[in-house]
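Work through the exercises below with the model open beside you. Try each task before reading its solution.

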Amino acid sequence: MQLKREPAARSARPIRTLASQERRFALALLVPALLVLLLTTTTPLVYLVWNSLHRLDLGMPWLSGFAGLENYTRMGSDPRFWNSLWLTVVYTGSTVVLQVLIGLSLALLVLQIPRGQGVLRVAAILPIVLAPVVVGLFWRTLVLAPDFGLVDVASRALGMGSHNWLGDPQLALISVIAIHTWQWTPFAFLVLLATLATLPPDVYEAARLDRAGAWQRFFHITLPLIRPAIVMVVILRMMTALSAFAAIFAATGGGPGSATEILNLYAYRTSFTELNLGYGASLAVVLMAITLAISFLMFRLRRAR
Amino acid sequence: MTHAVGARVRALVLWLVAGLLLAVWAFPVLWGLLTSFKTERDVLAYPPTVLFEPTLDNYREVIFGGSSILPNLWSSFVVSTAATLLTMLFAVPAAYALARLRYPAKRGSGFYVLATQMLPPVGLIIPYYLVLQGIGWLDTYSGLTAIYLTFSLPFAIWLMVSYFEDIPMEMEEAALLDRAGRLRTLWYVILPQVRGGIAVTTIFVFLNAWNEFLFAVVLGGNNVRPVTVAMFNFISVEQTQWARLAAGAMLAMAPVILIGLVAQRHIVKGLTVGAVKGGGRR
C-alpha cells in the first residue's frame with residue numbers, strides 16, 4: 001500500500017485516501033497499547049507454558065531441565081491438585097450463586113423503600129473499594145477471631161458456643177466463602193438495583209390490571225427483563241472468584257492444611273512457598289485454560305441470547 | 001384502617017431489613033475504625049466494649065513509631081501514580097481508535113484487549129518473577145509499575161471506550177470537514193468532551209493499583225513494599241497487634257474509601273466495564 005500525500009489528492013479528498021488516512025491514524029493510536037499488552041501479557045503467557053514443560057525447583061536447582069509433559073501427568077495422581085480443583089468449583093459456584101440471590105433479593109427489597117436508598121448505596125460501596133487483603137485481615141481479626149471476633153461474640157451470645165472459624169477445616173471453607181460474598185454482593189446489588197430502576201412501570205401496571213400476583217409478575221415480567229443484567233453479573237462475578245487470592249491468603253493462607261486451597265492458592269504455594277516453579281507453572285496453565293474457557297463459553301452463551 | 005396498619009408494618013419491616021443490610025456492610029469497617037482508637041487491652045475486653053477511653057497511640061505508632069507505614073504509603077503512592085499515568089497515556093489513544101475509527105481487525109483487537117483482562121494474576125506471576133529477576137528489576141519501582149500495567153491497561157481502555165462512544169459523532173465530523181487534521185481534532189475537540197471520563201478512569205486505575213496485593217508481595221521487597229503488604233507487619237505467629245493493624249488499615253484504606261465516596265455514582269459503570277461490550281456489540 002502506498003501512503004501518498006500529494007497536495008492534489010488532499011484537496012480533492014477522495015474517499016479512498018480518507019479511509020486509509022483514518023486507518024493509519026487508528027494504528028498509530030492503537031499500536032503502542034497493543035505492544036505493551038503483547039509484552040506484558042502475551043509474552044509472559046508463552047514463557048509460562050514454556051516453564052510448565054520444565055523441571056524448575058529452586059529447592060533442587062541441579063535437577064532443572066526440560067521435562068516434557070511430566071508436570072501435567074503428575075497432576076493426575078496429585079490429590080492436592082484435585083482437591084484444589086474441587087474447591088475452586090465449590091468456591092466459585094457458591095459465591096456467585098449467593099451473590100446473585102442475595103443481591104437480587106436486596107435490590108428488589110430496597111426498590112420498595114421510598115427514602116434512604118442513597119445511604120444504603122454508600123454503605124454498599126464500602127466493601128467494594130477495600131483492598132481484598134485488608135478485608136481478609138479484618139475478618140481474620142475483628143470478625144472471626146475466636147473469643148473477640150464479632151461473629152464469635154454473637155455465636156456465644158446466642159448459645160452456639162465459640163468456634164475456631166478459620167482453624168476448623170469445614171468452617172474455614174464456609175468462612176472464606178462468606179468473606180468473598182460479603183465483599184462482592186454489594187456489586188450485584190448495585191448493578192441489579194440500577195437495572196430494576198430503569199424498568200418501565202407501565203408493564204407492571206398492565207400486569208396488575210390483569211390480576212397477576214407478585215410472584216407471577218416477578219417470574220414473567222421482571223426476571224426476563226433483567227436477565228441480561230443477571231448474566232453480566234454472573235460473568236463478572238465468576239471472573240473475580242476465579243482470580244480470588246488476596247482475601248483467602250490473608251484470612252487462612254489456604255489452610256488449615258489445604259482446606260481453603262483453591263487452585264490460585266495451590267499454584268502460589270507450590271511456586272513461592274515450596275519453590276517448585278515448574279510444577280507451579282503447569283498449575284497456572286491449567287488455571288488460565290479454565291478461566292479462558294469459561295469466559296469464552298459465557299460470552300458465547302450471552303451472544304446467543 | 002387495616003390497610004393503613006398493614007402498610008405501616010410493611011414499611012417498618014422494610015426499614016429493619018435495610019438497616020440490617022447497612023449494618024452488615026458498614027459494620028466491619030466501622031468496627032475497625034473504633035478498634036483503631038482502642039488500647040490493646042480494650043480490644044481484648046469481653047464482651048467487646050463500645051465505651052472506652054479513645055487513644056491516638058496506635059496512629060502515633062503506625063505513623064511515627066517503629067512500625068511506621070509511611071514508607072509503605074509512599075511506595076504505594078509512587079507505584080500507583082506512575083502506573084496510572086502510564087496507563088492513561090497508552091489507554092486514551094487506543095480507546096479512541098477502538099471506539100471511533102475504522103481499521104482492519106477492529107473486532108479482533110478489541111477482543112484481544114478484553115481477553116488480556118481475563119487472565120488471572122496468579123497465572124502470570126511466575127513469568128513476571130523470573131523475568132524481573134533476570135533483568136534485576138525485582139523490588140524496584142520500574143518493575144512493579146510495568147507489571148501493574150498488565151491489569152490496569154485493558155481495564156482503562158475499555159472504560160475509556162465507553163466514554164468515547166457516548167459523545168456525538170457530528171462534532172468530530174464537523175471538525176474534520178474543517179480540515180482540522182485528525183490529531184488536532186482529537187486533542188481540541190474530542191478530549192475536552194471526555195474529560196469527565198478520563199477523570200473517572202484515572203481514579204479507578206489508581207484505586208486498583210493501590211489495592212493490589214499479589215504482585216506487590218511477590219515482586220516487591222524491602223525497597224518497594226506497598227502498604228497492602230505492610231499490613232502483615234502487625235501479624236506474627238506469636239502475636240497479633242489488633243489495634244495497630246486497625247489503625248494501619250484505616251490509614252491505608254483512607255484514600256480508597258474517599259475515592260469510593262466521591263466517585264460513588266460512577267462505580268457501577270467502572271465495575272461493569274468490558275462485560276457490557278464483551279459480546280462484541282453494545
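**Exercise 1: one residue in a helix pair**

B:Ile259 is placed in helix 13 of chain B; helices (H or I, at least four residues) and strands (E, at least two) are DSSP runs, numbered from the N terminus. The model is predicted: local features need pLDDT of at least 70, side-chain atom pairs count only at pLDDT 80 or more, and totals for chains, interfaces and linings use all residues. Residues are numbered from 1 along each chain as its sequence is written, while chains are lettered from A and ligands numbered from 1 in the order in which they are written.

Task: classify the exposure of B:Ile259 and list its contacts beyond four places in sequence.

Solution. 
- Step 1. Apply the cut-offs: a residue is buried if 20 or more other C-beta atoms lie within 10 Å of its own, exposed if 12 or fewer, and partly exposed in between, with C-beta atoms placed from the backbone.
- Step 2. B:Ile259 has 18 other C-beta atoms within 10 Å, so this residue is partly exposed.
- Step 3. Two residues are in contact if their C-beta atoms, placed from the backbone, lie within 7 Å. Leaving aside neighbours within four places in sequence, B:Ile259 touches A:Val129, B:Ile203 and B:Leu207.
- Step 4. Check one pair by C-alpha atoms. B:Ile259 and B:Leu207 are 52 residues apart along the chain, and their C-alpha atoms are separated by 7.7 Å.

**Exercise 2: the helix 10 and helix 13 pair**

Task: describe how helix 10 of chain B packs on helix 13 of chain B.

Solution. 
- Step 1. Helix 10 (residues 195-211) and helix 13 (residues 242-262) of chain B pack at about 150°, with axes 10 Å apart.
- Step 2. Name the class. Angles under 35 degrees count as roughly parallel, over 145 as roughly antiparallel, 65 to 115 as roughly perpendicular and the rest as oblique. Helix 10 and helix 13 of chain B are therefore roughly antiparallel.
- Step 3. List the contact. Helix 10 of chain B gives B:Ile203, B:Leu207, B:Trp210 and B:Asn211; helix 13 of chain B gives B:Pro255, B:Val256 and B:Ile259.
- Step 4. Sort by class: Ala, Val, Leu, Ile, Met, Phe, Trp, Tyr, Cys and Pro count as nonpolar, Asp, Glu, Lys and Arg as charged, and the others, Gly among them, as polar. The contact of helix 10 with helix 13 of chain B has six nonpolar, one polar and no charged residues.

**Exercise 3: helix 4 against helix 10**

Task: repeat the analysis for helix 4 and helix 10 of chain B.

Solution. 
- Step 1. The angle is about 140° and the axes of helix 4 and helix 10 of chain B lie 9 Å apart.
- Step 2. That makes helix 4 of chain B oblique to helix 10 of chain B.
- Step 3. Residues of helix 4 of chain B in this contact include B:Ala83, B:Thr87 and B:Val92; those of helix 10 of chain B include B:Ile198, B:Phe206 and B:Trp210.
- Step 4. The classes of the contact of helix 4 with helix 10 of chain B are nine nonpolar, five polar and no charged.

**Exercise 4: backbone checks**

Task: which phi values do B:Ala105 and B:Asp139 have, and where do these residues lie?

Solution. 
- Step 1. B:Ala105 has phi near 60°, a positive value in a residue other than glycine. B:Ala105 sits in the loop between helix 4 (70-100) and helix 5 (106-118) of chain B. With 11 C-beta neighbours inside 10 Å, B:Ala105 counts as exposed.
- Step 2. B:Asp139 also has phi near 60°, positive in a residue other than glycine. Its loop runs between helix 6 (121-134) and helix 7 (141-166) of chain B. B:Asp139 is partly exposed, with 16 other C-beta atoms within 10 Å.
- Step 3. In chain A, the peptide bond from A:Gly255 to A:Pro256 is cis, with omega near 0°. A:Pro256 is in the loop between helix 11 (246-251) and helix 12 (263-273) of chain A.

**Exercise 5: the interface**

Task: how many residues does each chain bring to the contact between chain A and chain B?

Solution. 
- Step 1. Chain B brings 74 residues and chain A brings 81.
- Step 2. On the side of chain B, helix 1 (residues 2-35) gives the largest share, 12 residues.
- Step 3. That side of chain B has 57 nonpolar, 15 polar and two charged residues.

Notes:
Axes are lines fitted to C-alpha atoms, for helices over the stretch in contact, and angles run from 0 to 180 degrees between N-to-C directions.
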